[in-house]
Every structure is written in C-alpha cells, then in structure tokens.
Amino acid sequence: MTSQTTIDATGPEGAAPKAPLESPPAGGLRGHPWLTLITVAVGVMMVALDGTIVAIANPAIQKDLGATFAQVQWITNGYFLALAVSLITAGKLGDRFGHRQTFLIGVTGFAAASGAIGLSHSIAAVVTFRVFQGLFGALLMPAALGLLRATFPAEKLNMAIGIWGMVIGASTAGGPILGGVLVEHVDWQSVFFINVPVGALALLLGVLILLDHRAENAPRSFDLLGIALLSGAMFCLVWALIKAPTWGWGDGRTWLFIGASAVLFAVFSFWETRVEEPLIPLGLFRSVPLSAGVVLMVLMAIAFMGGLFFVTFYLQNVHGMSPIDAGLHLLPLTGMMIVGSPLAGAAITKLGPRIPLAGGMAATAIAMYGMSTLQAGTGSGVMSVWFALLGLGLAPVMVGATEVIVGNAPMELSGVAGGLQQAAMQIGGSLGTAVLGAVMASKVDSDLPGNWAGAGLPKLTPDQLDKASEAVQVGVAPVPKGVPEQIAAKITEVAHHTFISGMSLASLVAAGVAAVAVLVALLTKRGANAEAGAGVGHI
C-alpha cells in the first residue's frame, strides 16, 4: 500500500465536488480518521501551548540571562511575527507537497528548536530559536487542518474540528498553569524541553498513521513574488501592531508601517490577478461565507485575546494571585471550551453554522460586558460565571468559523484556507491587544491625575506621572520605597481603581466588537466543498 491518496476535487459544473479515494484497508492504522485526529492534536498542542506557557517563564529567563525588558519582549514577538507572516505560505507548501510531509517537518523542527532554546545561554540564541519555532509552527498548523479536511467525511468534520479546537483552547488556557508549575518546581528550560518528547511522539504517530492526501489539481508551481509581497505586507502590519503600544498610535512610524502594509496588500492583490498559479486565488473571496468566516475569526480574536490580556493582570496584580492561582481561576473558561467544542461540532452538523456562531458571539458579547463590571473586591464565584460564559461562547466560533473557511475552499486549497484561518486569528489577537491596550492606556492617562489628586496624594511631576501611568496600566501600584503604610494603601487603592476603570472600558469595546461579529455570523453557511473531503472507511 502506498502512503498517498489522490483526490479529484473537481466535478461537473454546478455539482458538488467529488472525492474518490483509495480508502485504507479496514482496521489499518494509516489514514484512520480518529487516529489522524489524535496525531495532529498532539502536534498542534505544542504550538498552542507555547503561545502562553512562555509568558510565565519570561521573568526567570530575564533574570538568568541578564536580559533587558525589550529583549524579553522579543521572546514573544519573534515567535508571533514568524508564525503570523508564514502561515498562508506554509499552507500553500502543504497543498503543493502534501500535508503529511509539512506536518512531519513542522513537528520535527518545532521540537528541535524547543530543545535548542533549552540549551541556549544567551538571549540572542533564545530569540533566534523562537523565530524558528514560529516558522515550523506555521508549517504544522495549516497542515493539521488540511489533514482533517481530507480524512473526515462532511458529516464528521465538524466534530473533528470541534475536538481540534478543544485541544487548542485547552492548551492555550492551560499554558500559564503548566508554565507556573514547571518554572516554580523545575526551571525555565523545562518549559521548552517538554516539547521534545511531545514532538517525538507526534512524529512517531505521524509516520505510522498519517496518510498523504493530495488533490489531483494541486498547485504545481510557486508564486514567489506573491509570497514576497504577502509576507512583506503581513510583516509590516504585525510589526506596526507590536510596536504601537511603545511608539504610540499617533507616531509617524506606526502609520508608516500600516501604510506600507496597505500598499503591499494592494500590489499583492493586483499581482494575484495576473499570475497563472496565484498564492491565494482571489476568487476564494467571492464566497461570502468564506469571507465572513475570515472576518469572524478576526473579530473573535480581538474580543477574546484582547480582553483576556487584561484579565491576567487583573488576577495577578489586583487580586495578588500567583501565576498558578491565576491559571486555576481561568479553569471555568478552559473547561467550558473543552466541554463546549465537541458539543458545538455536533450542533453545527445538525443545524448548520449560522445559529451556533451567532449565538456564540452573542454569549461572548454578554461575557465581555459582564467582565466590564468586575471590581477589585469581586469574588471568585462571580468571576467564574463570566469566564465560563466566555468559554461557552467561544467554543462554537472556534469550531464553526474554521469549518466555514476550510469547508468553503476547494480541496486543493485546503492548506491555504487553513493558513487564512490561523492568520486571521493571529492578526485579530495582535489587533485586539494593540487596540484595547490603547483604549486602556488612554483611559488610565485620563483618569489617573484626577484620581491621584482626589485621594489627597502628593503631586507628581510629569515624568513621575508617566511612570506611574505605565505601572497602573498593568494593575501595579506605583508605591515608592519607604512610603508610610497609610499612603501606600491609598496609592494602591487609586492604582487599582484606575486600572479597573481602564479594563472596564476595554471590555466594553470588546463586547461591542463581539456584538458586530453576531451580524457577521449571520452571513455564514455550511461549506459548499466540504463533501470533497474523505470517503467513508474507519469512521
């Protein structure tokens, strides 16, 4: 038996695409849909986990390697930048050479880069290998979706994507807990070394189980200029979003990169209409459901990742929790995503994506509104209600929007569609953090002087006020050393009150974004090309 299955994703005009497959022998491991799901879930878990687990290790890395704050920021920024810029191109590589190959290369490279970080003795080496992690992670993520799309028949695809989304959600939310345990009881290197055995397991399972599905009319050439233009456009956009909190939204450098990104996107779009085999056939976006799915992923990520960014500061700096305790307090969110994702997959299969997606974004909007009411003294029970509702709302969106994007793309472009889905989430997360961060900073800058004066505290110089504002934006009370306890208590009260006012406004903006996403969700529908996935056998 060969390891390759050829799929003809074309069909008579106006008919659903056909997908005759060489189904693997009954009872065999290779190509088994549920074993394929387990295999890709193990690989995807590494990438999702690394998105949040490393944040807990950053202070220890900074202390051990003597790094500056700006250098430590690049541990996250370098990873995110490489991942976001490479996703769509990586998806195209999977469409061209097969998703099995790109997945295996991705997990191997990601695990090797993780081990290299653990062995690094300089911050430059850590950042360099984090970039490699992002590049290999970009190969892995779209390939995982492409393999699921090719392996599962349409009636089982939503359930599979639901479990896939559950793994991503659980890994993302569980990262701070696992990271806290490892850093506290082992060392920061263990946060990266843990990926080596996980990657080895994913590689072993992939070699034994994954079947290479390729569309008969898969791309045979590469749009090199298109890759360069899109990569440049994505880089400029993501770079602007990363640097905006430091430079400021009114700074010329921020708008220079945003403008350069817009120009490069325009030139890319023009070029894609001229090249024989484009990187992204723009005809994809003639599908209103697919376009709506991409927009929905961006809006969901803005509301979720942007809003959650401040919650971690709220739990640790306002409530004084340890990273592990903060992670445990987010378990209602994680738990509802774990429970809700497979249920959402079943509901979407039965009802179609429109109602579950709209309902999910409505629940997200309500949860973000609820989070805008949190105060310094809010108890764990109330917090848990809003966190649980947020997880319940996100689950159908993670599942449904993914199915809408991938299912409405032709089979031969499933990798590009998977890259689009992941890129939309990454850009949305970056945009949410940057925009909601600007909202928070503006509110704190506006309220802090009045709150400070109203509490009868000594007047601050402009330089002292700027430093105090930076601290308050992350929930830290700027208490100078040697200050009497009574004054320190007043400063803490003012800082937390001001931070919460900023977090409240940012949460309301996130709720508004989620409410707009409800309307976008109404434009979605089940993937017209989902039937081009797998045959029967093993389900």
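**Notebook: salt bridges**

Asp463 is where I started: its relative accessibility is 47%, so I put it down as partly exposed. This is a predicted model, and I kept that in mind throughout.

Next I looked up the partner of Asp463. Its side chain meets that of Lys467 in a salt bridge, at 3.7 Å from N to O. Lys467 has a relative accessible area of 56%, so I noted it as exposed. Why do Lys467 and Asp463 sit about one helical turn apart? Because they are four residues apart in helix H16, which covers residues 462–472.

Then I moved to helix H15, residues 414–454. Here Asp447 and Lys443 form a salt bridge, and their closest N and O atoms are 3.2 Å apart. These two are also four residues apart in their helix, so about one helical turn separates them. Is Asp447 buried or exposed? I found it buried, at 19% relative accessibility; the cut-off for buried is under 20%. Lys443 comes out as partly exposed, at 27%.

My last pair was Asp251 and Arg253. Their side chains meet in a salt bridge, 3.0 Å from N to O. I looked up Arg253 as well: it is partly exposed, with 43% relative accessible area.

How many salt bridges does the count come to? I got three.

Key: Residues numbered from 1 in each chain as written. Predicted model: local features only at pLDDT ≥ 70, side-chain atom pairs only at ≥ 80, totals over all residues. Heavy atoms only, no water. Salt bridge = Lys/Arg side-chain N within 4 Å of Asp/Glu carboxyl O. Buried < 20%, exposed > 50% of the residue type's maximum accessible area, 1.4 Å probe, protein only.
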